[in-house]
Amino acid sequence: MSLFFQGVIEALRLLLTGDPEVWRITLLSLEISGSATALSLLIGIPLGTVLALARFPGRALAVSLVNTGMGLPPVVVGLFVTILLWRNGALGFLEMLYTPLAMVLAQMVIAAPIVTGLTLAAVQQIPAAFRLQMLALGASRAQMVGALLREARLPMLAAVMAGFGGVISEVGASLMVGGNIKGSTRVLTTATVLETSKGNFDIAIALSVILLLLTFLVNWALTWIQQRPRG
Amino acid sequence: MSAVVECARVAVAHGARTVLEVPSLAVAPGEILVVIGPNGAGKSTLLRVIGLLEAPTAGEVRFRGEPVTPRHGLAVRRRMASVFQEPLLIDASVRDNVALGLRFRSAEAAGLGPRVARWLDRFGIGALAARRARTLSGGEAQRVALARALVLEPELLLLDEPFAALDQPTREGLIEDLGAILRAEGITTVLVTHDRGEALALGDRVAVLMNGRLLQVDETAQVFRAPASEEVARFVGVETILHCPVIGRDGALSLLEAGPGTIEVAQPAEPGEWVRLCLRPEDVTLAAGGPAAAHSSARNRLPGRVVRLIPSGPHVRVIIDCGFPLAALVTHRSVEELHLAEGVSVTAQFKATAPHLLRSRKA
């Protein structure tokens, strides 16, 4: 137990003294996972909305795929993105492997199905009659979808939280496509793995505490938006 | 005057099942047409077709004489407004809800406030303008939904059972207020409902829809007084329907054989013809004892015995055996005064003008 408290004290020391390496790692984690989440929203919200509203052959299969994708193992994503970006891979010419950009790409692939699936659920829980009512009040198709998303905005914040939570805490894909290069692609999770394997438990615990704190703060902010009293 | 909206040879099929078949139906400017029918009759489907929210499988909808389809219907849809059974308000303030349709039409924000405020006041909910829609009671929410539709000054207002989810007092207040507003503004309206009371309260004309087919379209009083068929008669509240032969004529009166006695009806029919006599329970009055004791101007006095008493809101439904079952609607006070109970002898009385004859075979 003393090992744990030592770690917590070390974490506080690292944070309060503004250890440049720790700060760099923290900010990079935020940057990569934030960008990946933002990109996954750009893909997942329209896709989830279309899947919720449109009726087309193969829709059930598409929804099943999205739901499966919500539990996509990060190492599998890491493997495929690595192959894709490998020197003689399909996107090898971009020379993106072992860069933060590659990590954003991999995390986006992990977060997009989560955002898509939760958007789908959020939009679907609004009764079909609501859509008719909007059209009956003179909404164009686009205005109807806008009203629908606005109505689903609270459950959709859950999609943001789950997407971000999924990628900030993910380690497998980041390690594989980023390479855990100090000063370039080292993030909180990969650094924690490295320090633990080196037996530097105090630093590993410190990094974990920072990770927890970060996740908590982001979710707390989003929850505050979601739950603030209205009326 | 040409119709605001017309259905011509409209049919709607869901899969292999035809749910609606309307050869023709026209709504005249300024009128309130009430479509009544049991649940599942196709009323909501009809309203969705008219409101350009569902394309008919066959036939067409004409708005002001021009054929329209949902696909090209946005401009026409913006000349109508609908209110459904559920208020379906957006999660925003009452004021924003009422402004919603205007915003869809990108109305200038400047002129919006006074229009919204005016309609909130007309529905008596001006004080709720800043309230969050989710905090409203059912009656308040439905008033907001109606104000949200009427602020658009629609050429056609479509109402789909808007009072069905409300409790009795709330519903009566709202029906009264809405009726006054629709008449004052002369708003052309189609209201669908399963409640014949709403048809009587609001309808200029009534269309009876059953199993996807219009069985009768007529002035409200006419539908209730002279239903076109037995099905319609039952739906509009006729409880006594008697299949009996005409045995004679006396000027304008037809004489019918009904059980052991006879009934005189002020409607022509040929002797020898079989007719169905329709009698509304509220047209029947009761007197204690046999016919000799009764003082009444009613032409028909039938002796009988009370079979059952069924309390029905402010009234009591009395089923009497007159050789055939006959239903009368009386007040609780009458039940006490006449000492009505099962087995008691009474005389059922009604005027010769009260029954309506359905003539199956034209002589």
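This is a predicted model: local features need pLDDT of at least 70, side-chain atom pairs count only at pLDDT 80 or more; totals for chains, interfaces and linings use all residues.
How many salt bridges does the rule find across the interface of chain B and chain A? The rule finds one.

Let me begin with the partners. A:Arg153 forms the salt bridge with B:Asp91, and the closest N and O atoms are 3.5 Å apart. In general terms, side chains of opposite charge can pair when their charged atoms come close. A search of the whole structure, over all chains, finds 27 salt bridges. The pair I have named crosses between chains: A:Arg153 lies in helix 8 of chain A, residues 153-168, while B:Asp91 lies in the loop between strand 6 and helix 3 of chain B.

I turn now to the interface as a whole. On the side of chain B, 26 residues are in contact with 19 residues of chain A. The area buried between the two chains is about 1,800 Å², and carbon and sulfur atoms give 58% of that area. Within chain B, the residues that lose the most area to chain A are B:Leu88, B:Asp91 and B:Phe104, which together account for 31% of what that side buries.

As for polar contacts, the count between chain B and chain A is nine residue pairs, with both residues at pLDDT 80 or more. Which elements of chain B give two or more residues to the side that touches chain A? They are helix 2 (74-77), strand 6 (80-83), helix 3 and helix 5. By class, that side of chain B has 15 nonpolar, two polar and nine charged residues.

Two of those elements, helix 3 and helix 5, also pack against each other within chain B. Helix 3 spans residues 94-104 and helix 5 spans residues 138-150; their axes are 7 Å apart, at an angle of about 35°. The crossing is right-handed. From helix 3, B:Val94, B:Asn97, B:Val98 and B:Leu100 meet B:Val144, B:Ala147 and B:Arg148 of helix 5. The residues of this contact divide into five nonpolar, one polar and one charged.

Finally, a word on chain A. Chain A has 11 helices and zero strands. Its C-alpha atoms fill a box of roughly 65 × 55 × 25 Å, taken along the principal axes.

Technical notes: Residues are numbered from 1 along each chain as its sequence is written. Chains are lettered from A and ligands numbered from 1 in the order in which they are written. Side-chain values use heavy atoms; hydrogens and water are left out. Axes are lines fitted to C-alpha atoms, for helices over the stretch in contact, and angles run from 0 to 180 degrees between N-to-C directions. Helices (H or I, at least four residues) and strands (E, at least two) are DSSP runs, numbered from the N terminus. A crossing is left-handed if the near helix is turned anticlockwise from the far one by less than a right angle, and right-handed if clockwise. Contact means heavy atoms within 4.5 Å. Ala, Val, Leu, Ile, Met, Phe, Trp, Tyr, Cys and Pro count as nonpolar, Asp, Glu, Lys and Arg as charged, and the others, Gly among them, as polar. Buried area is the accessible area (1.4 Å probe) that two parts lose on being put together, summed over both. A salt bridge is a side-chain nitrogen of Lys or Arg within 4 Å of a carboxyl oxygen of Asp or Glu. A polar contact is a pair of N or O atoms within 3.5 Å; within protein, one must be able to donate a hydrogen and the other to accept it, and residues adjacent in sequence count only if both atoms are side-chain atoms.
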